[in-house]
Amino acid sequence: MERSSEEGAAPDEEDGDQEGMKAGAEEAGCNPSRTASNSGVPDPAVLAVRLWRGLVHQDQETGGVVPDGQAADDEPERDAPSVSLSSFMDTCAPSVSSLSSSSTHHQPNLYPSSSSSSSSSVLSLTPPLPPSVELPAVLTDTRLTLDVYQGGAAALPLIWGSVPGQLRGVQYLRLGSEDKPGLDGALDVLPNLTELRSLAIRGHCFYDAQGDPLPGLLTTLPTSVSSLSHLAHLDLSFNQLSCLPPCLLSLPVLTSLLLCHNHLSALPPDIGRLSSLTYLSLLGNELVSLPPSLGQLKALQTLDVSHNLLQQLPDEIGSLGELFKLELSHNKLRQLPECMGSLLSLRELVIYSNDLRLIPHCLNKLPLLKIDVRDNPLGQPPTPPPLPPTPGQAETKIPELHLGFNQHSFCVSSAGCHVFLPGGAELLFPLGCLLKTTRLEWAVKRPEREWVQLEEHDILLSRPLELRPHGITFLKPVEVCVPYHRTKRREVVVQRFDGQSCSTLPTVLRRGSETHSSHPGGRPARLACCAVRHFSWFMAVSRPVKDSCSVTPAGALLVSTADPGIKLHFPPDSTVQTRTITLQVLHVSVSEVQAVCGDPQASVSPLLCLSQTPSTDFLQPIKVQVPLPSGVTGHTVDMSCLHLLHGDPTAQTWTDITSQVSLYVTHLYAIFYITHFSWYWLWYTTQRCVSGVVRKVYQRLKQFKVQFLVLQRKTDPSQVMLQCLPSNKVDSRVESLSEQYDGPQPSDLCDLLEGEQFFAGFERGLDISMERPDCVGGRLCFVFYSSLKNLKEVYICPAQGHNGPVRGQVSFYRGEIPNNLPEEVARKRKGDDSQWLATLPLRLPALNSDNSFIMEEPQYPPLNLGDPESGYLTEANLLSISLQIGQDWRVIGINLGLSYQELDRIQYKYRDNLGDLVLDMLFHWARGQRNAGPGAVMRLVAAMIESGRRDVADEIEDIVSIGRRKYSESLRRVGLEAESSSLGETQQ
């Protein structure tokens, strides 16, 4: 019996007849782009749709369609078969050659030309599909694909009403379920498609503006679906099903049923009627038990009930004589039934993340069985039942504490506390973690390079959160949750710096509290949480997904959780001592590869980073399986263009080893054998000097295209904001700052590395007007992190000897480079010429005798506060009031609603003139009241009273009263004049 760390594995194509139907079901996954035939003949129509989806995937950063196979980051998701041609070879009847030929003559027109669009024979699908989409793009002889366009399900009734004859022959249909009205119309058409073999109605095909998947809205199926007597494959994943639609039990030839990520709490007691079922996936539901009739599914080969609430399995599960793979991970199982020893066909048993303390001896009868038992309390004594509550004892609830930006310390007692920090971070102190009340402190720090120690391809997602005192020890683990921004196809972990070195902590990802958002009215923050007993520095870091396992002399199997198609087979006797194996997978954009290497046909597989401890070579060759590069299959590949590259992480070099290893391909995968672990990358390109191209592309993967911003506050040119951002974030940032800041256009594109240091120097008559710890040699020091703001605000002044207006500039220069940088890249960052990055102009107006800037516009435009009927204050009145405020200006400003940052800016600007300082504060508030509605004068009076200046409040009320009386007298006078005027006209 072999134990491995396999999770969500894709099939090994080399197994051939041994896996049979399993290979046909699992090679495709939930992603239709991986559909293939066991016969080895790809469907060209599927390949065309696959190519189109690949192009859309490259543009998803700009809001394009996200492929439906991509997993959401907030919930567990594994691919399961969606359309597997091999699963239905006996059902579909036509020969492989006829299927291939028919598909070849009816490939979808993904990019219709103007001539084709003008043809009268082409059906227009607008709306609901985009204007450029025509019928051949979605419909072939046997396949209709409507899940690659949002709302595409609404097109099915339109097509049925136009070409019903052609639609009756459709055998494969895919629909998105994110549009409820369109879906209802499509369900009405389904009973007419009597030749249907495969049907997919899925949610999570598209993503909203925040990057979250759109849920499916399917709640049931009409009873008429039972008339689809040829239906063999059905996928209803990511929907709102709360029970199994009864009509499914009447489908006689249904072999594959996918109900992943719904809300099923129970299965019907007569589910055994699905006697033809070979694949059943109930991943991610709410099942608490399985019915005994499940044992009647004699043909079942794969059963996935992971991520449910199962506490036990029925004894009838031992009757599944054909069961090959059983997925039970992430449940609440405490024991396995002894009857499982009769599952003689079982080869894979995944039971990690349960509550199993013992593996039954019956499984020893299955020597070929591979078991994944991670995250189970094996061998541990049973957890004692909780003590009954003391009569009259109330349930203890941990108190909550919400801190503001200026509250950097708090107290925690033995009762525990749930602390919510500004920005979304949370600290959970359990009951009894401290013996006595203790004062603790927190601070969000700038990412100093000594605290942040990133590995290859790591990205910093948050500023370091420092918790003090560092020497404190808690009696129970304290949960520290750091907010972060969403990342794609990477894992997020919490990294801790203990004062000497960094370490990665076991991390759990979750959403924050509904009542505590990082932005008012926004969604709860994404949190990376860890449990610690000591305080230090904590930060969120994203990295390529890391998988590891221990390899013994008995062998093992390691499967990537980032891409289940990547597998490492360790044969028996490949090692004498136990080794720890680590696998990381780095996905690479094909469009970026093509742009860098200049080959429009180039394509690459994911980059494999393999490491082991100890690092000695293996005694037997290790079999490595990786997906073929995108767009390449085993039947279209030109082996002369396929290259396997070996990378040396120390020397940062790449070597073409294609001729030195045993490399061959199947329909979807490339397989090779190695004895030494390092980096491996599969390339498909027509370039001859492959090693040089790969080295260039790999260096580019570690760099970010950035732009620099230099902006001045419109009301105070001496306040300058400097920022460095990735180029795709610059436009939105400039737009958000345009109301308060002004300045030159962003700089040209530059290359920076994650964690690279750079400096900003003020030149040609400009200088920083205060001492700063981050100012080195007259230059302001930055460290670039792609997911952070990289922003600083400073006050500048004319350099000594400059009295008039200054036409200066800000130049950016490289600083120290990160460690382990390739020599070729490091060499380009040395020398005077290569240190310069960009220069942006910056102007500073001249100063007048009062040490204030001479502005082109009057500093205070004419201003009247209030209205004449309820009373108003003129500009002269405000000037008179400002002379009486004096040293109380800051308290009054706070009570008027001004922020601390605004008050600090005003204080710095007029640090030598109290009168101008008070006047600027008062006028700054008054200008903001223009759009605040009536009642501004009363708000000013209330602020004076709250600040303890009743004398000023009384004077304001007197001014308003006098003004109101004058206004009434003027109305009376105007009314009398009008009356006498009208009387005179009558007498005439």
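Which residue is the bridge partner of Cys775 in β44? The partner is Leu780, and the sheet concerned is taken up in point 2.

1. Basis of the note. The model is predicted, with local features requiring pLDDT of at least 70 and side-chain atom pairs counted only at pLDDT 80 or more, whereas totals for chains, interfaces and linings use all residues. Residues are numbered from 1 along each chain as its sequence is written, and side-chain values use heavy atoms, with hydrogens and water left out. Helices (H or I, at least four residues) and strands (E, at least two) are DSSP runs, numbered from the N terminus.

2. The five-stranded sheet. Strands of a sheet pair through backbone hydrogen bonds, either parallel or antiparallel. Here five strands form an open sheet in the order β43-β44-β41-β46-β47, with antiparallel pairing; two strands are taken to pair if DSSP finds at least two bridges between them. The edge strands, each pairing on one side only, are β43 (775–776) and β47 (836–844). Antiparallel strands β43 and β44 (residues 779–783) are joined by two bridges.

3. Helix α8. The buried residues of α8 (residues 180–189) are Gly182, Leu183, Ala186, Leu187 and Val189. Seen down the axis of α8, these buried residues fall within an arc of 150°, so they line one face of the helix; the arc is that of the directions from the helix axis to the C-beta atoms. Pro181 and Asp188 are exposed on the other side of α8. For these assignments, buried means under 20% relative accessible area, exposed over 50%, and partly exposed in between (1.4 Å probe, protein chains only). The buried residues of α8 pack against α6 (155–162), β3 (172–176) and β4 (198–202), where contact means heavy atoms within 4.5 Å. At the N-terminal end, Asp179 caps α8, with a side-chain oxygen 3.3 Å from the backbone nitrogen of Gly182. A polar contact is a pair of N or O atoms within 3.5 Å; within protein, one must be able to donate a hydrogen and the other to accept it, and residues adjacent in sequence count only if both atoms are side-chain atoms.

4. Aromatic pairs. A search of the whole structure finds 20 aromatic pairs. Rings of Phe, Tyr and Trp (its six-membered ring) pair if their centres lie within 6.5 Å; planes under 30 degrees apart count as stacked, over 60 as edge-to-face and the rest as tilted. Among the pairs is the edge-to-face one of Phe429 and Phe535, at 6.3 Å centre to centre and 70° between the planes. Phe429 lies in strand β15 (residues 426–429) and Phe535 in the loop between β23 (526–534) and β24 (537–543), so the pair ties together parts that are 106 residues apart in sequence. Phe429 is buried at 0% relative accessibility, and Phe535 is buried at 2%. Phe708 and Phe812, in contrast, form a stacked pair, at 4.2 Å centre to centre and 15° between the planes. Because Phe708 belongs to strand β37 (residues 703–713) and Phe812 to strand β46 (residues 806–814), this pair ties together parts that are 104 residues apart in sequence. Phe708 is buried at 0% relative accessibility, and Phe812 is buried at 1%.

5. Aromatic cluster and charges over rings. One aromatic cluster is formed by Trp654, Trp679, Trp681, Trp683 and Tyr698. Arg374 lies over the face of Tyr352, 4.6 Å from the ring centre, and Arg779 lies over the face of Tyr813, 4.0 Å from the ring centre. A charge sits over a ring if NZ of Lys or CZ of Arg is within 6 Å of the ring centre and within 35 degrees of the ring normal.

6. The loop between β27 and β28. Ser574 is found in the loop between β27 (567–570) and β28 (579–586) and is buried, with a relative accessible area of 0%. A polar atom of the Ser574 side chain lies 3.0 Å from the backbone oxygen of Pro571. Asp573 is placed in the loop between β27 and β28 and is exposed at 53% relative accessibility.

7. Backbone geometry to check. Most residues other than glycine have a negative phi, and most peptide bonds are trans. Asp573, not a glycine, has a positive phi of about 65°. Cis peptide bonds, with omega about 0°, join Arg468 to Pro469 and Thr613 to Pro614.
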